Amino acid sequence: MPGRVRKRSPLKNIDRSYIALGLEGSANKFGAGIIRHDPDGSTTVMSNIRHTYVTPPGEGFLPRDTAQHHREWASTVINDALKKAGVSLHDIDCICYTKGPGMGAPLVSVALVARTLSLLYNKPLVGVNHCVGHIEMGRQITGAQNPVVLYVSGGNTQVIAYSQQCYRIFGETLDIAVGNCLDRFARVINLSNDPSPGYNIEQEAKKGERLLPLPYATKGMDVSLSGILTSTEAYTMDKRFRPNGPRDEADTDIITPQDLCFSLQETVYAMLVEITERAMAHIGSKEVLIVGGVGCNERLQEMMGVMAKERGGKVFATDERFCIDNGIMIAQAGLLSYRMGFQTPLAKSTCTQRFRTDEVHVAWRA
């Protein structure tokens, strides 16, 4: 939904309004968003449209098939975004696209669409770091001033804080991301991928009654999740496991899929809360901003809220419109960068699967 909020930091080029088109497609969602920055410092979300590639239960999404989905839906999604915003491509000041990180083939498809539009309409390109897009949209929507950021998604798990025009990574996963951990377990127990496996695990976890022992693997400021996934999967081979549940009230030793979802969530989120609190203590912040697709999980927000309240702090989070991968976050970060004078030359409009958060010069923050 359109919304207007005040900006908090000065930018160059405040003589007029600026409009950006953002294109996101680093995983199984193709999104197009249009945003406007006005001279008075306000920001308007003009449109935010996306389409998700959904596979059958028990299956993940392959890069080749996901890239084909993005190519098939690009025209429809972009036209819908333009129509809802009430603008044409001639009105756009810059075209922003996800440069990385993400899956190679889908990223290439989105970069190709962005280059094509740039050439057809003679518009400058801005390559955007996917992670920075999540952070800047989260800051914009919630109004968080200088938070510790917990970035949790299908491909990334990082604890981040801003310092000297850079988003510094305090801790991260040593193996798989939290979203990938949840998605892979959802496939093991054959949960639907619609609307997302993580959402369906969250709903099943609400029915869980047993907290089963799982490895708790924090290593300083980092976490390890592959062992937890393996241990949770091992319970499905236990003779006490009943894949169709629910448990018989007379047999309290039964393990259900709901118990496993509950135990997995509780353990993993407790680890994430721990390393986030450690970062808050280190920099003296009382704000936590949760971004990324897993960030809209209500239980994670609740657990983080308990910790923040005990520290006299506050948690900031957005709903699925802005947590889950979307085009408007790419438009926001890209337009901030563009207004500081940055553009991506056509010859360098490539993409990379490994584009770290701390490699970006955050020139728009003081």
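Is V87 buried or exposed? V87 is buried, because its relative accessible area is 16%, where buried means under 20%, exposed over 50% and partly exposed in between, for a 1.4 Å probe and protein chains only.

The model is predicted: local features need pLDDT of at least 70, side-chain atom pairs count only at pLDDT 80 or more, and totals for chains, interfaces and linings use all residues. Residues are numbered from 1 along each chain as its sequence is written, and side-chain values use heavy atoms, with hydrogens and water left out.

**Surroundings of V87**

V87 sits in the loop between helix 1 (63–85) and strand 5 (94–100). Helices (H or I, at least four residues) and strands (E, at least two) are DSSP runs, numbered from the N terminus. Apart from neighbours within four places in sequence, V87 is in contact with I19, I34, M46, L82 and I92; contact means heavy atoms within 4.5 Å.

**Surroundings of K206**

K206 belongs to the loop between helix 5 (197–205) and strand 10 (218–219). The side chain of K206 makes a polar contact of 3.3 Å with that of Q203. A polar contact is a pair of N or O atoms within 3.5 Å; within protein, one must be able to donate a hydrogen and the other to accept it, and residues adjacent in sequence count only if both atoms are side-chain atoms.

| Pair | Separation in sequence | C-alpha to C-alpha distance |
|---|---|---|
| V87 and I34 | 53 residues | 9.1 Å |
| K206 and Q258 | 52 residues | 7.5 Å |

**The two domains**

The domain assignment gives domain 1 (18–136 + 323–348) and domain 2 (146–319), with bounds from an automatic or database assignment. Their C-alpha centres lie 28 Å apart, and 16 residues of domain 1 are in contact with 20 residues of domain 2.

The area buried between domain 1 and domain 2 is about 1400 Å², and carbon and sulfur atoms give 62% of that. Buried area is the accessible area (1.4 Å probe) that two parts lose on being put together, summed over both. In domain 1, P57, I135 and C323 lose the most area to domain 2, together 43% of what that side buries.

Between the domains there are 7 residue pairs in polar contact, both at pLDDT 80 or more. On the side of domain 1 that touches domain 2, helix 3 (residues 130–142) supplies the largest share, 6 residues.
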